[in-house]
Amino acid sequence: MSDISQATIESAGLRYPFERRVPGPAEIIEVAPGISWVRMPLPFQLDHINLWLIEGDEGWTVVDTGVSTDEVKDLWRQVFQSGLKGKPVTGLIVTHLHPDHVGLAGWFTRKWGVELQMSRTDFLMCKTLVLDTGREAPKEALDFYRAAGFSQRGIDSYAARFGGFGKNVSRMPDIFRRLREDDELTIGGRVWRVVVGSGHAPEHVCLYCEEAKVLISGDQVLPRISSNVSVHPTEAYENPLEDWIESCKRLRRNLPDDLLVLPAHNEPFYGLHTRLTQLIDGHEEGLEKLLAMLDEPKRAIDVFSALFKRKIGAEVFFMATGESLAHLNCLLGRGLATVSRDEKGVNWYRRT
């Protein structure tokens with residue numbers, strides 16, 4: 001998750017009914033009948049994640065878990081003890097594969113004897129990335145960042161941090177229940193429909209309840225920041241930004257505008273269509289600025305100023321590079337740019 005990509009897009013037209021009421025540690029706030037909000041800390045630049053509880057007759061369904069740290073486990077234990085009205089956790093849904101969402105999934109399944117429900121692509125990719133823990137960075141990944149323009153120091157830094165994905169993920173369960181587009185889940189006597197997005201994660205699950213007029217959006221729709229959309233070494237030639245833009249258009253077309261949106265970061269809000277339009281327009285504007293820079297050949301690390309309004313420091317350099325590559329791959333996919341690799345293994349992009 002990044003707070004740099006399109007972070008300065010104005011949120012005009014959005015309304016925040018809980019802006020002055022954010023949950024404290026282990027506190028639960030009901031945001032709609034039978035739907036509650038918990039916020040957990042993150043050890044990252046983005047320092048919190050929103051997690052959602054849906055009440056049923058027999059127990060609670062938890063949507064997303066937080067990272068696997070002792071602090072977050074202790075906070076969850078406080079929630080279990082005092083905040084669930086004496087009911088157990090009877091369901092677990094994870095929106096996508098990133099550690100702040102799936103980190104405690106295995107811990108939950110073992111503690112409560114529940115099944116993990118998430119999309120197949122994200123479950124399998126999460127399992128794959130966790131297996132990188134303890135491995136040396138592969139040559140192909142080092143070549144990927146060399147092609148982006150990294151110095152040897154930058155490549156060494158990547159090699160040192162390689163395999164860190166699994167650090168905040170508890171042992172994943174070996175089985176799961178797959179969620180797909182348009183699946184319907186009955187929780188607490190209401191139907192929740194699965195709505196799938198792509199780009200930030202391969203197969204991101206959102207949950208839409210028509211009766212409650214609520215959308216649990218995960219990272220697919222955030223009100224104040226834009227979800228990181230990046231290209232990584234595993235899928236160096238993919239075009240996740242086009243997937244992201246098309247997902248936003250599909251959600252805007254298929255979902256009503258009067259929903260209370262429950263995002264993974266920042267506060268619940270109204271104004272779904274407005275926000276989706278802002279996200280689409282923000283990336284299209286970035287693509288236009290980027291294309292204008294490519295009259296002269298540029299590396300991926302040379303184009304940050306077209307996409308970000310602040311200086312990119314070491315703490316977000318990898319994420320910013322992934323975003324730049326996503327925008328460059330989108331221009332390649334649209335036939336608006338070309339790329340060539342020099343004798344040092346560096347990729348240079350320019351306007352077609």
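Predicted model: local features only at pLDDT ≥ 70, side-chain atom pairs only at ≥ 80, totals over all residues.
Colleague: How many salt bridges does the count come to?
Modeller: Local features need pLDDT of at least 70 and side-chain atom pairs count only at pLDDT 80 or more, whereas totals for chains, interfaces and linings use all residues. Residues are numbered from 1 along each chain as its sequence is written, and side-chain values use heavy atoms, without hydrogens and water. A salt bridge is a side-chain nitrogen of Lys or Arg within 4 Å of a carboxyl oxygen of Asp or Glu. By this rule the count comes to 19.

Colleague: Which residue forms a salt bridge with Lys127?
Modeller: Lys127 lies in helix H4 (residues 120–130), and its partner is in the loop between helix H6 (152–161) and strand S7 (177–178), 47 residues apart. Helices (H or I, at least four residues) and strands (E, at least two) are DSSP runs, numbered from the N terminus. The closest N and O atoms are 3.4 Å apart, and the partner is Asp174.

Colleague: Is Asp174 buried or exposed?
Modeller: Buried means under 20% relative accessible area, exposed over 50%, and partly exposed in between (1.4 Å probe, protein chains only). Because its relative accessible area is 63%, Asp174 is exposed.

Colleague: How far apart are the closest N and O atoms of Lys139 and Asp143?
Modeller: Both residues lie in helix H5 (residues 139–148), 4 residues apart, about one turn of the helix. Lys139 is exposed at 59%, while Asp143 is partly exposed at 24%. In their salt bridge, the closest N and O atoms are apart by 2.6 Å.
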